[in-house]
Amino acid sequence: MFTQSQIDENKYTTDWQYEVFRPAFTTDHSVHIAGGTSKVSSGVGLSYYKQDGIIQQSGYDKFSINADVKYNISKVFSVNAGVIYTTALQKQMDSQGGGRGSSVINSMLLASPLATPHYDDGTWNDFQLQPLACTNPVAYLNEVRRTWHTHRLLANAGLTIRPFDGFSIQSTAAIRDNISRTDYFKSLDYPSSLGAASINFGNVLDITSNNIVSYDKFFAKKHHINAMVGVTYETYVSKPVATGTAENFLSDVAESYDLDAAKVKGLPSSSFSDWRLLSFLGRVNYNYDDRYLVTVNFRADGSSRYSKGNKWGF
């Protein structure tokens with residue numbers, strides 16, 4: 001609460017929510033072309049998605065292209081394949097909770113309406129005299145940038161074999177390859193800043209394979225058997241790398257693209273994750289006259305993440 005004299009003596013009046021928030025629009029455009037014959041069908045599509053964040057300077061852009069094809073080679077054999085490539089760019093803002101105004105949202109809520117984002121000479125208010133908010137939210141929005149850029153490839157293929165009625169063999173494989181980069185940069189104009197920048201890289205490769213044999217048959221009108229056996233496999237590899245935060249730059253020109261220009265180098269880090277999962281599964285259903293049902297299930301899972309001698313579960 002402020003007294004009337006405090007309000008009259010202060011020359012600044014700031015609506016912090018107006019300074020931080022904005023109307024946000026979302027656009028989504030897509031086109032898809034498909035066609036084929038009784039034996040072959042295919043399609044290709046393009047899409048573009050853009051979403052503005054309600055916080056200024058934030059947003060998300062995504063472009064993707066996809067294609068698929070299915071070919072019935074004969075009554076016995078059929079194949080299918082598909083691929084999706086996506087590239088996305090996200091402008092991120094520190095909108096999480098935070099304590100004592102340490103994030104954009106929290107500082108916006110705690111900042112005094114009698115404070116100003118910047119002074120008449122153009123310099124930012126450093127909020128040193130603010131009892132609660134310790135971050136100037138408008139300065140953060142304009143002088144700190146965090147962008148996330150990713151390239152993602154999804155591809156799959158499948159083969160189906162039906163040698164006789166009720167019996168089928170299905171084999172599918174899929175691959176997901178994701179490469180991402182996050183750039184962080186704080187300019188020299190940010191209050192009490194000497195400049196800071198960092199880069200995080202991520203690379204994830206995920207491969208799966210599912211192989212299923214199934215049989216479905218009626219006998220003598222009252223007997224029905226449905227059986228399935230399969231083998232599934234998944235491998236996952238993740239290789240993140242972080243440069244650490246470099247500080248004390250002479251210029252903002254290169255932003256995060258010349259970390260070696262910093263006087264104080266960041267401490268790089270990296271990690272590696274590699275695991276595999278192999279599963280055997282089976283199921284048999286027997287139905288008699290739609291009155292009695294017997295089901296038998298079996299599954300065995302082996303994981304490389306378990307300790308030696310305990311890698312399998314049944």
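Q: How many bridges join strand 4 to strand 5?
A: Helices (H or I, at least four residues) and strands (E, at least two) are DSSP runs, numbered from the N terminus. Two strands pair if DSSP finds at least two bridges between them. Strand 5 spans residues 144-164 and runs antiparallel to strand 4. The bridges that join the two number 16.

Q: What pLDDT do local features need in this predicted model?
A: Residues are numbered from 1 along each chain as its sequence is written, and side-chain values use heavy atoms, with hydrogens and water left out. The model is predicted, so side-chain atom pairs count only at pLDDT 80 or more, totals for chains, interfaces and linings use all residues, and local features need a pLDDT of at least 70.

Q: Which residue of strand 5 stands opposite Ser-78?
A: Look again at strand 4 and strand 5, which run antiparallel. There, the residue opposite Ser-78 is Thr-160.

Q: How many residues lie between strand 3 and strand 4 in their hairpin?
A: Strand 3 and strand 4 also pair in the antiparallel sense, over 13 bridges. Asp-68 stands opposite Gly-82 in strand 4. The two strands form a hairpin, and the residues between them number five.

Q: Is Ser-58 buried or exposed?
A: Ser-58 sits in the loop between strand 2 and strand 3. It touches Arg-22, Asp-52, Gly-53, Lys-91 and Met-93 (contact means heavy atoms within 4.5 Å), not counting residues up to four places away in sequence. Buried means under 20% relative accessible area, exposed over 50%, partly exposed in between (1.4 Å probe, protein chains only). At 11%, Ser-58 is therefore buried.

Q: Which strand gives the largest share of the nonpolar patch?
A: Strand 1 (26-36), strand 2 (40-52), strand 3 (59-71) and strand 4 (77-92) each give two or more residues. The largest share, three residues, comes from strand 2.

Q: What is the phi of Asn-248?
A: Most residues other than glycine have a negative phi. Asn-248 lies in the loop between strand 10 (246-247) and strand 11 (269-270). It is not a glycine, yet its phi is positive, at about 70°.

Q: Where is the place of Glu-255?
A: Glu-255 is not a glycine, yet it has a positive phi of about 50°. Glu-255 is partly exposed, at 27% relative accessibility. Its place is in the loop between strand 10 and strand 11.

Q: How many salt bridges does the count give?
A: A salt bridge is a side-chain nitrogen of Lys or Arg within 4 Å of a carboxyl oxygen of Asp or Glu. Lys-50 and Asp-52 form one, with their closest N and O atoms 3.8 Å apart. By this rule, the count is nine.

Q: How many residues apart in sequence are the parts tied together by Lys-217 and Asp-165?
A: Lys-217 forms a salt bridge with Asp-165. Lys-217 lies in strand 7 (residues 196-219) and Asp-165 in the loop between strand 5 and strand 6 (167-186), so the parts tied together are apart in sequence by 52 residues.

Q: Is Asp-206 buried or exposed?
A: Arg-176 forms a salt bridge with Asp-206. Arg-176 is partly exposed, at 27% relative accessible area. Asp-206 has a relative accessible area of 12%, so it is buried.
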